Amino acid sequence: AGNPNYLSTLEGWLADHPDDVAVRLAMADARLSAQNHEAARKEYEKIIEIAPDNVVARNNLAWLLWQNGNVTAALPHIQTALELAPESPQVQDTAGSVFLAAGDAGRAVALLRRAAQSSPQDATVRYHLAQALHAVGESGQAHAILEQVLDDGEPFPERQQAEVFFRQLNG
């Protein structure tokens with residue numbers, strides 16, 4: 001904490017303790033936060049080699065692969081994460097997004113509804129639900145959800161994309 005050279009500290013620790021999942025997860029998350037997707041991916045993959053049932057690594061790797069357009073590679077990781085933590089709203093959100101991208105909009109809606117019920121304040125989840133609802137032809141519901149999300153005024157990472165999508169729904 002407070003160490004400006006924290007990445008080198010983590011790297012040094014991992015050089016001596018390569019199987020330390022907690023530190024490796026901190027490294028992966030730091031790489032992801034720094035937008036170093038390739039390094040983050042490698043760290044999540046190492047964690048999965050060490051601890052195949054690590055839900056956080058599976059979920060985050062699936063999210064990262066999906067974000068980078070590799071839905072096929074994301075699917076087995078999110079399916080495993082979903083088996084390990086079926087009630088996790090974070091896993092449900094990632095799974096819904098990955099399944100939507102894979103063309104399984106019905107499954108995406110079901111998962112994203114559950115995630116939105118568990119985390120009703122999470123604008124990102126509600127935005128993803130609106131996308132899935134639109135994909136299954138429920139544009140009216142998608143519009144209502146987006147309108148509420150955007151009217152809340154809360155910042156969230158996908159806000160700009162949600163605004164564009166809302167304008168598209170308004171035609």
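**Burial and ring pairing in a predicted model**

Modeller: Tyr-127 is buried, at a relative accessible area of 6%. This is a predicted model, in which local features need pLDDT of at least 70, side-chain atom pairs count only at pLDDT 80 or more, and totals for chains, interfaces and linings use all residues. Residues are numbered from 1 along each chain as its sequence is written, and side-chain values use heavy atoms, with hydrogens and water left out.

Colleague: Why is Tyr-127 called buried?

Modeller: Buried means under 20% relative accessible area, exposed over 50% and partly exposed in between, with a 1.4 Å probe and protein chains only. Tyr-127 has 6%, so the residue is buried.

Colleague: Why does Phe-165 count as buried?

Modeller: Its relative accessibility is 11%, which is under 20%, so Phe-165 is buried.

Colleague: What makes Gln-35 count as exposed?

Modeller: Gln-35 has 59% relative accessibility, which is over 50%, and therefore counts as exposed. Gln-35 lies in the loop between helix H2 (21-33) and helix H3 (37-50); helices are DSSP runs of H or I, at least four residues, numbered from the N terminus.

Colleague: How many aromatic pairs does a search of the whole structure find?

Modeller: The search finds 1 aromatic pair. Tyr-127 and Phe-165 form this pair, with 6.5 Å centre to centre and 75° between the planes.

Colleague: Why is the pair of Tyr-127 and Phe-165 called edge-to-face?

Modeller: Rings of Phe, Tyr and Trp (its six-membered ring) pair if their centres lie within 6.5 Å; planes under 30 degrees apart count as stacked, over 60 as edge-to-face and the rest as tilted. The angle here is 75°, so the pair is edge-to-face.

Note on methods
Helices (H or I, at least four residues) and strands (E, at least two) are DSSP runs, numbered from the N terminus.
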